[in-house]
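Reader: I have not looked at this one before. Can we go through a few parts of it together?
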Amino acid sequence: MAVNLVNVEAVSKVYGTRALLDGVSLGVSEGDRIGVVGRNGDGKTTLIRMLAKLEEADTGRVTHSGGLRLGVLTQHDSLDPKATVRHEVIGVMADHEWAGSAKIRDVLTGLFGGLDLPGFENGLDTVIGPLSGGERRRIALAKLLIEDQDLIVLDEPTNHLDVEGISWLAKHLQERRSALVCVTHDRWFLDQVCTRMWDVQRGAVHEYEGGYSDYVFARAERERIAATEESKRQNLMRKELAWLRRGAPARTSKPRYRIEAANELIADVPPPRDTSELMKFANARLGKTVFDLEDVTVTAGPKTLLQHLTWQLGPGDRIGLVGVNGAGKTSLLRALADAAVSQGEIQPAAGSVTVGKTVRLAYLSQDVTELPGTLRVLEAVQQIRDRVDLGKGREMTAGQLCEQFGFSKEKQWTPVGDLSGGERRRLQLLRLLMDEPNVLFLDEPTNDLDIETLTQLEDLLDGWPGSMVVISHDRFFIERTTDRTLALLGDQTLRMLPRGIDEYLERRRKMIEAAVPTPAAAPAQAKPGVSAADSRAAKKELQKVERQLDKVSQKEAKLHAQIADNATDFEKVAKLDAELRELAGEREELEMRWLELAEDA
C-alpha cells in the first residue's frame, strides 16, 4: 500500500479580498505524479508553496510524513551568487566520484549539453552571480535532480529549456521513483510525466485521473453532465479533445480513460481546421505570392546562419519552425519582416526575397511591446481598431475579442501598468490580431500564457485564414496550430521534417552521437590564423560581453517601466528616453564586439 507523503487538510488562503484557495483538502502518496493546471492568478503556485511548507495557510493545516526528503524548484532560486556551479551542484565530491555517477553525468549532459558545461565561461568553476536568469534556473534544477528525494515539487520546470531539454527532462522524471507535483503550461510534458491532474479553479481544486489528454476528456464530460459552464467553454474543451483523439498519435502509452465515452462525446465535433476552406480564403486574401526566397544567405554581422536558401511560404501555409539555439530561427523571421516592411528594399546579405503585394504582416517578437502604463486594456486594443473581421463572416468587437482572450468586462478597464507579464503578452497578441493581418510570425507566443488562454488562442487561430510561421519550444502548440514542421539544425540549411518534432529529436540525437559540430552541440572551429590561446581568450571575453548584454537588457527594462510610470511627466520622460538611447548605442557596440569574438572563438 502506498505511503502518504503529504496531507493538505481544509486549507484556505486569502489575498486582499480574494480567496485563492477555500477549504482545499488533498493528499500526495508514494508514486503519485501530479500535474497542476489552472488560469494564471488562480492559485497554482500558492497551492504548491503551501504543500511544500514554504508559505503558511490562513486556515487548515499541511502535514508531512516523518523524514520526508523534499526537493522544490521555485520560480526564484536561492543559489549563492558568490558560489561556483561546482559548489552548488556537485558540492564537495571529488571529480572521479561525481564523474563515476551515471545520474550526475545524465543530468549535466541533459541540462547543459556536456559534462564540461559548454557555454559557461569556466565550466563547473563559473561563478553564479553574473549568470542570466535562465542559466541560474537550469543550475537550480540540476542541483535538485542530482539529489535523492521522496517528493519533487516543480514550478514551471520547462521555462528556459528548449525542445531537446524538455524531452530529456520528461524522460528523466519518468525513470525516477520520486513522487512528483508539477505546475506547468506545457501540455505535452504533462502528458508524458503525469498520471493525475489537479485543476485549480475559483478557490477549489478538482482532481482527475490520467495525464493531460485524460483530464481534457474528464473535465469536458464533467462540465457536460453538471451543465455548470457556459457552452463556449464546453465547446472549446470538446474541440481540443477532438484534436487529441483524432489529430495526433496517442500522447502517452497509458490506456485511454473511457475511450468509448470519449468517442461518443466528440462524434459531432468537426476537425479543428477546415484546411481546404482556409486555403481558398487565404488565396483570395494573399494571391499566389507571399514570400519567395531565392538563393538567400542570412547573416548576423559576420556570422553566416543560413546559406543558399531557396524556399517559398505560400498562401495558407502554417509552418512550425524548430532548431538549435543560435541557428537562425529569429534571424530568418527578421529578414523576411525587414523585406516586407521595406516593400522589398531591404534584402538579405545575398540572394533575394520577393514579397507579395497584398501581404499584411504581423510579427510577435519575444520582446513585449511597452505601452503607456495609464492606458486601459480596452483602449489599447481600440487604438488599433474597434472591430475585426475574422473571415468566413465572423466579426468581433474589440471588447468581445478581449473577453475571448481572458479579459473580462471589469478587467478591460485595468491600466496596462497593473497587468502581469502573461496578461501583457495576451494584450500584445490581441493588438496584432486586431490589425487584420494575413501573415503571422509568432516567436515564442506561449511565453507566460496559461493553458486556458493557450486553448483560446489555438481556437482563434484555427479559423484564421492566412500564412503563419511559429517558433516555439512548446511542441503541443506547434503540433496543434501548424501543418508542417521545418528545422534549422545548425548546418546553415532549412530542412523539411515529414514526421515533425519526433524526427527533429531523432536527427539531433544522431548528430550528437556522431559528434557532428553544430553551434549548440560542440564548439565552433576557430577561424584560420587564430591560435588556440587567442581562441580561448576570445571565448572568455565572449562570455563577459554576454553578461554585459544581459545587464544592458535589465537596465533597458527598468527604463521602460519608469517611462510607463511617469507617462505624464514629459520632462522626466525626455530624460529617461535620452538614457534609453545611450543604452541602445552601448548595446549595438557590444553586439558588434560579440560577433567579432564569435568568429575568433
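Reader: Which helix does methionine 434 lie in?
Author: Methionine 434 lies in helix α15. Keep in mind that this is a predicted model.

Reader: Is methionine 434 buried or exposed?
Author: Buried. The cut-off is under 20% relative accessible area, and methionine 434 counts as buried because its relative accessibility is 0%.

Reader: What does methionine 434 touch?
Author: Leaving out residues up to four places away in sequence, its contacts include Val381, Ile384, Arg385 and Leu401. Isoleucine 384 is 50 residues apart from methionine 434 along the chain, with 6.3 Å between their C-alpha atoms.

Reader: And what does helix α15 pack on?
Author: A sheet. The sheet is open, with six strands in the order β14-β17-β18-β12-β19-β20 and mixed pairing. Its edge strands are β14 (361-364) and β20 (494-497), each pairing on one side only. Helix α15 (residues 421-434) touches β14 and β17 (439-443), and its direction makes about 175 degrees with that of β14.

Reader: In which sense do β19 and β20 pair?
Author: Antiparallel, over four bridges. Threonine 485 stands opposite leucine 497 in β20.

Reader: Change of topic. How many residues of α6 are buried?
Author: 10 of its 13, so α6 is mostly covered. Among the buried ones are Trp168, Leu169 and His172.

Reader: What span should helix α6 have?
Author: Helix α6 covers residues 163-175, and at 1.5 Å a residue it should span 18 Å. Its end C-alpha atoms are 19 Å apart, which agrees.

Technical notes: Residues numbered from 1 in each chain as written. Predicted model: local features only at pLDDT ≥ 70, side-chain atom pairs only at ≥ 80, totals over all residues. Heavy atoms only, no water. Pairing = 2+ DSSP bridges. Helix = DSSP H or I, 4+ residues; strand = E, 2+ residues; numbered from the N terminus. Contact = heavy atoms within 4.5 Å. Axes fitted to C-alpha atoms, helices over the stretch in contact; angles between N-to-C directions. Expected span 1.5 Å × (residues − 1). Buried < 20%, exposed > 50% of the residue type's maximum accessible area, 1.4 Å probe, protein only.
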